[in-house]
Amino acid sequence: EEKILTSSMGITGEDQIHTAMAKTVGLPLGIAAKLRLTGQLDLTGLYIPTIREIYEPVLAELRRNGILFREKPAN
């Protein structure tokens, strides 16, 4: 069965250093680097984050930091 979902995220920066851009771009990159450096991610090279091995732990860590996507069925 095919389903269409709408995914959305809204985030506001805290100040000129902790901006929404820093949270949504810098934080995922930092999380991925931490995963690699701690041996939790065993890939080498460059990848877009469409590989489950990358996006699942990154999204989990983002959720713990209050950044999450809300999904609902498209109308």
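Let me begin with how the elements are named: helices (H or I, at least four residues) and strands (E, at least two) are DSSP runs, numbered from the N terminus. Arginine 70, for example, is found in strand β2, which covers residues 70-73.

Before going on, please keep in mind that this is a predicted model, in which local features need pLDDT of at least 70, side-chain atom pairs count only at pLDDT 80 or more, and totals for chains, interfaces and linings use all residues. Residues are numbered from 1 along each chain as its sequence is written, and side-chain values use heavy atoms, with hydrogens and water left out.

Staying with arginine 70, is this residue buried or exposed? We call a residue buried under 20% relative accessible area, exposed over 50%, and partly exposed in between, using a 1.4 Å probe and protein chains only. Arginine 70 has a relative accessibility of 54% and therefore counts as exposed. Contact, as I use the word, means heavy atoms within 4.5 Å, and arginine 70, leaving aside its neighbours within four places in sequence, is in contact with Thr6, Ser7 and Ser8.

Let us turn to helix α2, residues 52-64. Glutamate 61 counts as buried because its relative accessibility is 18%, and, apart from neighbours within four places in sequence, glutamate 61 is in contact with Ile31 and Lys34. Just after α2, glycine 66 takes a positive phi of about 80°.

On the other helix, lysine 23 has its place in α1, and lysine 23 is buried because its relative accessible area is 19%. Leucine 27 also lies in helix α1, but with a relative accessible area of 26% leucine 27 is partly exposed. Not counting residues up to four places away in sequence, leucine 27 touches Ala22, Leu62, Asn65 and Ile67.

Which residues make up the largest nonpolar core? Such a core is a set of buried Ala, Val, Leu, Ile, Met, Phe, Trp, Tyr and Cys residues joined through side-chain atoms within 4.5 Å. The largest one has 8 residues, namely Ile31, Ala32, Leu35, Leu41, Ile54, Val58, Leu62 and Ile67. The elements that give two or more residues to this core are α1 and α2. As for isoleucine 67, its contacts, not counting residues up to four places away in sequence, are Met9, Ile11, Lys23, Leu27 and Leu62.

Leaving aside its neighbours within four places in sequence, lysine 23 is in contact with Ile11, Thr12, Glu14, His18, Pro28 and Ile67. Leucine 27, by its C-alpha atom, is separated by 19 Å from that of aspartate 42, which is 15 residues apart from it along the chain.
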